[in-house]
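Take a moment with the sequence and the structure below.

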Amino acid sequence: MEQLLSTNTQLQFAKEVQHYYPELLTDQALDFLIALHTRFNKGRLQLLEERLKRQAELDSGTFPTFPKETVETRTADWKISYIPEDLQDRRVEITGPVDRKMVINALNSGAKTFMADFEDSNAPSWDNCMQGQQNLMDANKRTIDYYDPKKKKSYNLNTEIAVLLVRPRGLHLNERHLLIKEEETSGSLVDFGLYVFHNARTLMEKGTAPYFYLPKLEHYLEARWWDEVFTFAEEYLGIPVGTFKATVLIETITASFQLDEIIYELKNHIVGLNCGRWDYIFSYIKKFKNHPEFLLPNRDQVTMAVPFMDAYSRLVIQRCHTRGIHAMGGMAAQIPIKDNPIANQAALEKVRLDKEREVKNGHDGTWVAHPALVKIAMDEFDKYMPEPNQLEVLREDDVITEADLIAVPEGTITEEGIRKNINVGILYLESWLRGNGCVALYNLMEDAATAEISRTQVWQWRKYNARLEDGRAFTNALYEQLFDEEIEKIKHLVGEGNLSNTQFEKAFALFDALIKGKEFQEFLTLKAYDEI
């Protein structure tokens, strides 16, 4: 390790760090990160230990239930205090990583809000994360610009831009490039801490505030941890408690059993929940990975219309509106297909139907991954939601049971589905290892969540020799055959002579190790992080 060039000797950079970002990592900002780490990192690690204990219970057959100890929270009559004016209308939100061009294009997209992502669509190299912070600082000051030398085009902010929300990394991800007291720091705390330290005053002077998306919460005690982080940071910075606002992604199967509890724990700061559909599917597979009766069909068949996904969406709407917060819909991952008008029209119609279903169900807004989808989503919400939101849609007649939330959908597992999972998993990993966490593959925008579904399905199908639609069992031998064939296709496409200029050899080995590992790896990004 090399000592950080700071007056504070508690801090160290990892030896591979080459850029120290002195305008971002000021002594005062680092003191704040030290305070956050000292106060909250131990609790974060304890929460991660609790996740392991709960997974062991699930592995042994103890399935999720609505918690008995919090029945009063679920049945009492209470609401959150208020939603800021600039978050009242969130009918279309665009998401993407924090690179400079993306930030400008997303803010200019015509969407109501932009979720700038340090998590699933960001490969968390040191430079990606630090430059992302600088990009958001510049965006909030409205000084951000970008010149693309290839296109010979300049990018600047429009007069009217989207409201900015920021998604820090999940609790499980460390920031290994910055150590405090010889401990790796928390990616969550570094992303959150640097953003509020450098932007809170700037935003408040403009009549707004730091707004966040909180990812991958698995339990209401994790929501309590975040609420305590928010409150401590507000007090440290001399800002009124309740200024920071958060929307929680409901993207784990266990969180859907604790919606009221999560809202209650964050009641001074929360403004919404979001149906993070792709991570939710990943969580379903992961949490029930030791139970062959929970095998899901091909990824393409697990839509929001299957019973367990529909139940979770309706429950999110009901509990959010009962408590006075927004219920946000999920991601449309499609992107325009430029060279095939017929296929493009079919893809866009899928998006339209998805958004029509969400708004009719009662969602207050939705996500898109590409600027070209903003108008399609906006038109559907404008048609069926004339007001800024539809908090009045309470869905009081809906009764969602514990069984509804885990019902196994019907469908098939096919060789084509297996091949697609292998192919997409490898292609995404290779791109991630090159520093790009948001990848257009087969006319869909893939991020870590969709890649997780791909590799997790293959792992589970292989473990239980899943029965394919044609009657074959998915044995280890069949996996080896399909894996080898997909590698050869990729090598042929890339060209053997070009492989050394890519990260494919690492991606092949990493994907294969994840599939063959006897012990399931909780997140592929944890294994891949050491390679970037």
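Is Ala223 buried or exposed? Ala223 counts as buried, because its relative accessibility is 0%. Here buried means under 20% relative accessible area, exposed means over 50%, and partly exposed lies in between (1.4 Å probe, protein chains only).

Some ground rules come next. This is a predicted model, in which local features need pLDDT of at least 70 and side-chain atom pairs count only at pLDDT 80 or more, while totals for chains, interfaces and linings use all residues. Residues are numbered from 1 along each chain as its sequence is written, and side-chain values use heavy atoms, with hydrogens and water left out.

How confident is the predictor? Its confidence in each residue is the pLDDT, from 0 to 100. The protein chain has a mean pLDDT of 96. In this chain, 98% of the residues reach 70 or more. Residues 1-6 stay under 50. For this stretch the model has 19 contacts beyond four places in sequence. Contact means heavy atoms within 4.5 Å.

Back to Ala223. It sits in helix α6, residues 220-236. Helices (H or I, at least four residues) are DSSP runs, numbered from the N terminus. Leave aside the neighbours within four places in sequence, and Ala223 is in contact with Leu217, Ile262, Glu265 and Leu266. Lys267 is 44 residues away from Ala223 in sequence, and their C-alpha atoms are 9.9 Å apart in space.

Now look at Leu405. This residue belongs to helix α12, residues 402-406. Leu405 is buried, with a relative accessible area of 0%. Residues up to four places away in sequence are again not counted, and Leu405 touches Phe66, Ile253, Ser256, Phe257, Tyr280, Tyr284, Phe308, Ala311, Tyr312, Leu315 and Ile400. Take Leu315 from that list. It is 90 residues from Leu405 in sequence, yet 9.2 Å away in space, C-alpha to C-alpha.

Next come pairs of helices. Two packed helices are described by the angle between their axes and the distance between the axes. Axes are lines fitted to C-alpha atoms, for helices over the stretch in contact, and angles run from 0 to 180 degrees between N-to-C directions.

Start with helix α3 (residues 100-107) and helix α4 (residues 126-141). They pack at about 35°, and their axes are 9 Å apart. Arg100, Val103 and Leu107 of α3 make the contact with Asn135, Leu136, Asp138 and Ala139 of α4. These residues divide into four nonpolar, one polar and two charged. Ala, Val, Leu, Ile, Met, Phe, Trp, Tyr, Cys and Pro count as nonpolar, Asp, Glu, Lys and Arg as charged, and the others, Gly among them, as polar.

Move on to helix α14 (residues 448-463) and helix α16 (residues 504-516). The angle is about 40°, with the axes 8 Å apart. The two helices are therefore oblique to each other. Angles under 35 degrees count as roughly parallel, over 145 as roughly antiparallel, 65 to 115 as roughly perpendicular and the rest as oblique. From α14 come Arg455, Val458, Trp459 and Arg462, which meet Phe511, Leu514, Ile515 and Lys516 in α16. By class, this contact has five nonpolar, no polar and three charged residues.

Helix α15 (residues 476-494) also crosses α16, at roughly 165°, and the axes come within 12 Å. α15 and α16 are therefore roughly antiparallel. Among the α15 residues in the contact are Tyr479, Phe483 and Ile487, and the α16 side includes Phe504, Phe508 and Phe511. The contact of α15 with α16 has nine nonpolar, no polar and five charged residues.

Note on methods: pLDDT = per-residue confidence, 0-100.
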